[in-house]
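Please have the sequence and the structure at hand while reading.

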Amino acid sequence: MNSEGMTQSFRDLPQAIAGMGRGRQLGFVVGAVAVFAALFAAFVYLQAPATVPLYTNLAEPDAAAVVGKLRELKVTYSITDGGSTVRVPNEQAADLRLQLASSGLPNGSGVGVVGMEVFDRSNLGITDFAQKLNYQRGLEGELMRTIGRLSAVDQARVHLVLPQDRLFASQQRDASASVVLKLKAGAKLTEEQISSVKFLVSRSVEGLKPENVGVVDTAGNTLGKADTADGARDKQASLRVEVQHQREVEIERKVQNLLDQAIGKGRSVVKATVSLDWDVVEQKVETFSPGTLQPQTRSQKDTRESFAGQGADAQAAAGGVPGTQTNIPTYQAGAAGGAGGGTSSYQKSEVTSNYEVSSDKRAISRAPGELKNVGIAVMIDQAVQNIQAEQLTQAVSAAIGLQPARGDQIAVVTVPFDTTMSANLAKTIEDETAQARQNDLIQMGVKAGGLVVALIGMALLFRMLSSSIRPASSSAGVGGADGAGLLPDGKGGVAALQSPEAIEAQISALMSGDAVELPPHVLASMSSENRAKYETSRVRSRQLSPSERSRRREEVRRLAMEQPALIGETLSRWMAIDSAMAGAS
């Protein structure tokens, strides 16, 4: 059907619907509504959302400020997630973010929080006290915005205490700060993150120490207890347990990989226990090793004396000198007598050496966490064939560096494994995977089926409309100007005939074209319009060619095949009229 035929068909739609029966009208309406409902549902279900989130996880003050600004800009918006998400049309999202950013929205901590923009406007009459108060207020606002950027923080409040500068250092008091955090649902800050918050605040305020920063949450819980002595001790204890667990897991993984390659995966279980020495040991060792080390000279003293000369001359040269020679005669005589016999000489040499004591000094410092001993247990499934427990023990001992002298222990045993739980778990996982895959296929099938049903419904509705509406060109062809072309397309015109009157006119015109004359009583039962068309067609039928007559016979046959009920009804009525006229005569 061409475009003109479709246009004419839709024009004749109300008349065709009015000519239907009640049942067919109801079915037509129900089918049309169902098809359009399916199309609308498919359109809504498959269409991507036209809006995108402008901002998410907004606090109530920020959401109110953003919505107020959107109303000023006359922008269509929607609010979801309990008021924490604002959605806008996709094509306006980027532009709106820039416009709201230029207005300082959202500020991240609610309406009324100002930062250093408090100094954007100058005030010549402001006092020093007000200026310091504005500085403190701006500093608090900037810290609130910065802390509010943390992923786990929803809102933050910061209070600073900045003492005035004193003349004497002994009178100067330290600055302090308090931070109140509102965490997001399900979020939790670690001790490292809390320490980071304290570090951030202390580095942002001059003279503020991290220990003078207090952090609490909105539930009143004090955060950052690890900064105290008790908290530090607890943190150190938990750290030791964690390090011990990591060492055990490392040993278990190493041995498990070795056994999996040797006897197969799932055939062995490995558990390890380690004992760590957390004592901080500093040891100084000084070893004296005489004879083993080369002695070193620390200091040396060398003293030498010498004298030589004649005896008499020496006494004469020495006469008159106070001392024992002049006061003791016997000594003087003996000295003189001895001296006269020849020369005398005197020499003295003395060397004193001081040596360092041979020693070996060492300072030994052991870091905490040194491995004291290891205990490892290995269980092997008894179903494994040709188990060499002794060889496995040697392999495991070599893999982990086992030292019996240190107190390390190892035990390798074979026991029957219970595989029921693992088999059930594997089956459960397989069933869940298959069910999830089936659900995905069903969901895809439902979507595709809905779309296919909608398309089929459209096709059926279009076919129903095409078969219910008689194109104007077909009506003009019956008894037209030339009497030919009763079914212009050879197909659609016949299917468009749905009433007994139209079938009667079509049959009469075709029969007249084949030089078949209808009885007078049959003509009398026909409507005046159909009778006029019949007469006009008979007058023009004499000019038809044999091929045209053959075509009309084919049209009658096709009409009988496509509309057997209506043709039978028409022919029966004609035969009843003919029988009644024969009986009357």
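Predicted model: local features only at pLDDT ≥ 70, side-chain atom pairs only at ≥ 80, totals over all residues.

Three bridges connect strand 2 to strand 3 (residues 85-89), and these two strands run antiparallel.

In general, the strands of a sheet pair through backbone hydrogen bonds, either parallel or antiparallel.

A further open sheet has four strands in the order 4-5-6-7, and here the pairing is mixed. Strand 4 (153-161) and strand 7 (222-223) stand at the edges with a single partner strand each, so one side of each has no neighbour in the sheet. Strand 5 (residues 175-183) and strand 6 (residues 208-217) run parallel and are joined by six bridges, and the bridge partner of alanine 177 in strand 6 is valine 213.

| Helix | Strands touched | Angle between directions |
|---|---|---|
| Helix 6 | strand 4 and strand 5 | about 155 degrees with strand 4 |
| Helix 7 | strand 5, strand 6 and strand 7 | about 130 degrees with strand 6 |

How do these two helices lie relative to each other, and at what angle do their axes cross? The axes of helix 6 (residues 128-147) and helix 7 (residues 191-204) come within 11 Å and cross at roughly 150 degrees, which means that helix 6 is roughly antiparallel to helix 7. The crossing in which helix 6 passes helix 7 is right-handed. Where the helices meet, Leu139, Leu143, Thr146 and Ile147 come from helix 6, while Val197, Leu200, Val201 and Ser204 come from helix 7. Sorted by class, this contact has six nonpolar residues, two polar ones and no charged ones.

Seen as a whole, the chain has 20 helices and 14 strands. Of its 585 residues, 26% are buried. Among the contacts between residues at least 6 apart in sequence, 72% join residues that are at least 24 apart.

How values were computed: Residues numbered from 1 in each chain as written. Heavy atoms only, no water. Axes fitted to C-alpha atoms, helices over the stretch in contact; angles between N-to-C directions. Parallel < 35°, antiparallel > 145°, perpendicular 65-115°, else oblique. Left-handed = near helix turned anticlockwise from the far one by under 90°. Contact = heavy atoms within 4.5 Å. Nonpolar A, V, L, I, M, F, W, Y, C, P; charged D, E, K, R; others polar. Pairing = 2+ DSSP bridges. Buried < 20%, exposed > 50% of the residue type's maximum accessible area, 1.4 Å probe, protein only.
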